[in-house]
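Welcome! Please load the model and keep the sequence beside it.

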Amino acid sequence: MKHFRKMIWPYMIWAGIIVVLPLLMIILYSVTKGGNELLNIQFTFENFKRMTEPIYVDVFVKSFKLGIISVIICLLAGYTLAYLITSFSEKVQSVLILVVTIPMWINTLLRTYAWISLLSDNGLINTVLVKLGFEPINMMYTDFAVVLGLVSDLLPFMVIPIYTSLSKMDHSLIEAAHDLGANRFKTFWRVTFKLSIPGVLNGVIMTFLLSISTFVIPKLLGGGQYTLIGNLIENQFISIGDWNFGSAISVILAFIILMSITFMKKIDKDEIEEE
Amino acid sequence: MSEVLIELKGLSKNFGDQQVLKGIDLNIRENEFLTLLGPSGCGKTTTLRIIAGFEEPSHGEVIFDGVDIAKIPSYKREVNTVFQKYSLFPFLNVYDNVAFGLKIKKMDKKLIEHKVKRMLKLVGLEGFDKRDVTKLSGGQQQRVAIARALVNEPKVLLLDEPLGALDAKLRKEMQIELKKIQKEVGITFIFVTHDQEEALSMSDTVVVMHEGVIQQVGTPEDIYNEPENRFVASFIGESNIIEATMIKDCLVSFDDYEFECVDKGFKNNEAVEVVIRPEDIDIVKPKEAKIKGKVSSIIFKGVHHEIVVETKHRDYLIHTTDYFKPGLEVGLKFGPDDIHVMYRMDWENGGN
């Protein structure tokens, strides 16, 4: 086995160049002033200080609120879907899982434009409503549109891990619970759900990560006034050109995500140890 | 004899177009250790699962304490199961696994603790409360599974090949222990196994099953000494099975001779089968017996020698503590008690 150890070196170098190095660059950018020469670096915490300005704090709060709402909806919808899928025969299950993952093959941009054509003021839904004699509803550029876009985008990331943990569950444990007097409802909460917690946490972490850093969906479905962390970072790098401030935001976001993941893993562990 | 607790009436079960149970009628009494014995696919596990409530019978009734429970879900039945692979909850420790059923019933905490502790003591796992069940040995997991089922004080404990995953020595120990536990708690145990030795050594009643049909019900002694047909005779222990003709009551003919026996109630000249256990045949001098032959092989088996004697019509298997040289001319002798007459099996492939 030791012999094969050498073989990981190309990968280590590759990962170093494309993952670790850029990460270090971002951290470096976040603690320096703009317009630095390579040999004359000026360190500063100014970038982080700027983040405490109410306008930016608001962006963070809004992003987290939206992220959490999307994750909760994804969880409820995703768990139900995964649970229903496992009740079919194995053949049907693999087809259904395929159906769930098909949207992931399509570019996010395209999918988001599809939502626009459905939700816009003279889009499909409103056209039908007007034809039926109802007032058209303004859906574009609202929280509703952004959450809808996010949920439809992220649902597979919730369904797959939950489905995986449900489908590999030992069915005799459910029989054992029934045998010991637990009805269907109690069996679900005391056994099935408990066994699926690792899948749930993986799904939550994944969808939360993706929803908090998204920028395409809020930009297209939320309109110009809708700024989330992702958009903020994008603007700093692409439109404004303040790479240092953009890096600082990224570092803070990464830190917050890291903390949330650690927190969730701890819940997972406590959950198991508590009983 | 104690009272009948469970009555299976005309129980049948189909999976698709395959009929795994073909009309099972069986009475199970209070406080008895009953074993369903048979090769895999004989329907023993399905019968157990119907009693537990995991399967619904296609036809027939399951009368429990005078009530038909065939359609009542498993969580409302007064039976508990020890599963083949134990099926302990991996996310709970030993104490909480055992307490699961009592917590579902919302029993008082103090009472739960008292009952769980007492049960852990009974199965020899005192002080294991906080242990992680996934880190226990097979034998210990087995004990947790038994405690988890028994703590609910069921009227019947169902055991689905619970010793199958244990090694030979542990298996023997658990056999003795299970029997002890059964005596101590004084309830009905229904035990499923394919191991005839296990069935004979533990049970009050053995039910031999084959291809979805009950072949024989009886005490271990009955099953061994008076098998009702070729399948039972060959499945339980080793035996010489001989096609014969019943001349009249207490007289049977095979291998060109007529022999006195103790069996009655067959038709005159009915085609039957005779079973003679290998340990019931004595090897004597040729002139002292009707059947004569030649020793063709002898194998040392520890307690006895396994000898094959070649005769005109067939090879006889004999167990004896004496040694006979291969090639020796011998006579085979057995008394009327040693001959057990059985009905001929009316289907094919029934045993060997």
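Before starting, take this definition: a residue is buried if 20 or more other C-beta atoms lie within 10 Å of its own, exposed if 12 or fewer, and partly exposed in between, with C-beta atoms placed from the backbone. The model is predicted, so to speak of local features pLDDT must be at least 70, side-chain atom pairs count only at pLDDT 80 or more, and totals for chains, interfaces and linings use all residues. Residues are numbered from 1 along each chain as its sequence is written, while chains are lettered from A and ligands numbered from 1 in the order in which they are written.

**Exercise 1. A helix pair in chain A**

Describe how helix H4 (residues 54-86) and helix H8 (residues 143-167) of chain A pack.

Solution. Begin with the chain: chain A has 13 helices and zero strands. Two packed helices are described by the angle between their axes and the distance between the axes. For H4(A) and H8(A) the angle is about 45 degrees and the axes are 7 Å apart. Axes are lines fitted to C-alpha atoms, for helices over the stretch in contact, and angles run from 0 to 180 degrees between N-to-C directions. Angles under 35 degrees count as roughly parallel, over 145 as roughly antiparallel, 65 to 115 as roughly perpendicular and the rest as oblique. H4(A) and H8(A) are therefore oblique to each other. The crossing of H4(A) over H8(A) is right-handed (the near helix is turned clockwise from the far one by less than a right angle). The residues of this contact divide into 22 nonpolar, four polar and no charged. Here Ala, Val, Leu, Ile, Met, Phe, Trp, Tyr, Cys and Pro count as nonpolar, Asp, Glu, Lys and Arg as charged, and the others, Gly among them, as polar.

**Exercise 2. Where chain A touches chain B**

Which element gives the most to the side of chain A that touches chain B?

Solution. Count first: 17 residues of chain A are in contact with 18 residues of chain B (contact puts C-beta atoms, placed from the backbone, within 7 Å). Helix H9 (171-179) and helix H10 (184-212) of chain A are the elements giving two or more residues to this side. H9(A) gives the most, with six residues. By type, this side of chain A has seven nonpolar, four polar and six charged residues. Then look inside H9(A), where the buried residues include A:Leu173 and A:Asp179. The buried residues of H9(A) pack against H10 of chain A together with helix H1 (44-52) and S6 of chain B. Just after H9(A), A:Gly181 takes a positive phi of about 100 degrees.

Methods: Two residues are in contact if their C-beta atoms, placed from the backbone, lie within 7 Å. Helices (H or I, at least four residues) and strands (E, at least two) are DSSP runs, numbered from the N terminus.
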